[in-house]
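Dear colleague,

Please find the structure below, followed by some notes on what was found in it.

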Amino acid sequence: MTFNKEDTPAIGRAIYQEKIRPTLGPEHKGKIVVIDVKSGDYEIADEDLVATRRLRERQPNAYTWAERVGYPAVYKMGARFRSVNRD
């Protein structure tokens with residue numbers, strides 16, 4: 001299969017929604033999930049750099065996508081960061 005890096009966001013969101021999100025509980029809210037969109041491997045941590053480093057130990061050539069559990073975006077811009085009722 002040929003991988004196109006422009007597809008990273010769509011693939012990353014799909015892996016998160018279909019495979020990872022259903023396995024997460026309330027204790028994961030606010031944590032960062034970093035996903036290798038080529039392998040589907042992922043890592044969860046409080047900080048994106050921690051998750052990315054751990055994932056890259058296993059998948060050095062990973063194309064990564066990140067999600068924040070329970071929020072619509074990984075990072076916030078502005079004064080408020082609202083959670084969503086999805087998780």
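Val33 has Glu67 as its bridge partner in E3. That bridge joins two strands, since strand E1 (residues 32-36) and E3 pair in the antiparallel sense over 5 bridges; two strands are said to pair if DSSP finds at least two bridges between them. Helices (H or I, at least four residues) and strands (E, at least two) are DSSP runs, numbered from the N terminus. In general, the strands of a sheet pair through backbone hydrogen bonds, either parallel or antiparallel.

Before going further, please keep in mind that this is a predicted model, in which local features need pLDDT of at least 70 and side-chain atom pairs count only at pLDDT 80 or more, while totals for chains, interfaces and linings use all residues. Residues are numbered from 1 along each chain as its sequence is written, and side-chain values use heavy atoms, with hydrogens and water left out.

The whole sheet is open and holds 3 strands in the order E2-E1-E3, with antiparallel pairing. Strand E2 (42-45) and strand E3 (64-68) each have a single partner strand and stand at the edges, so one side of each is left without a neighbour in the sheet. From one strand to the next, the twist averages 20°.

Two helices lie across E1, E2 and E3: helix H1 (residues 8-20), running at about 50° to E3, and helix H2 (residues 48-58), running at about 150° to E2. For these angles, axes are lines fitted to C-alpha atoms, for helices over the stretch in contact (heavy atoms within 4.5 Å), and the angles run from 0 to 180 degrees between N-to-C directions.

Which residues of H1 are buried? They are Thr8, Gly12, Ile15, Tyr16 and Ile20, where buried means under 20% relative accessible area, exposed over 50%, and partly exposed in between (1.4 Å probe, protein chains only). Seen down the axis of H1, these buried residues fall within an arc of 95°, so they line one face of the helix; the arc is that of the directions from the helix axis to the C-beta atoms. What covers them includes E1, E2 and E3, whereas Ala10 and Glu18, on the other side of H1, are exposed.

Lys19 also lies in helix H1, and it counts as exposed because its relative accessibility is 60%. Between Lys19 and Gly40 there are 8.8 Å in space, C-alpha to C-alpha, although they are 21 residues apart in sequence.
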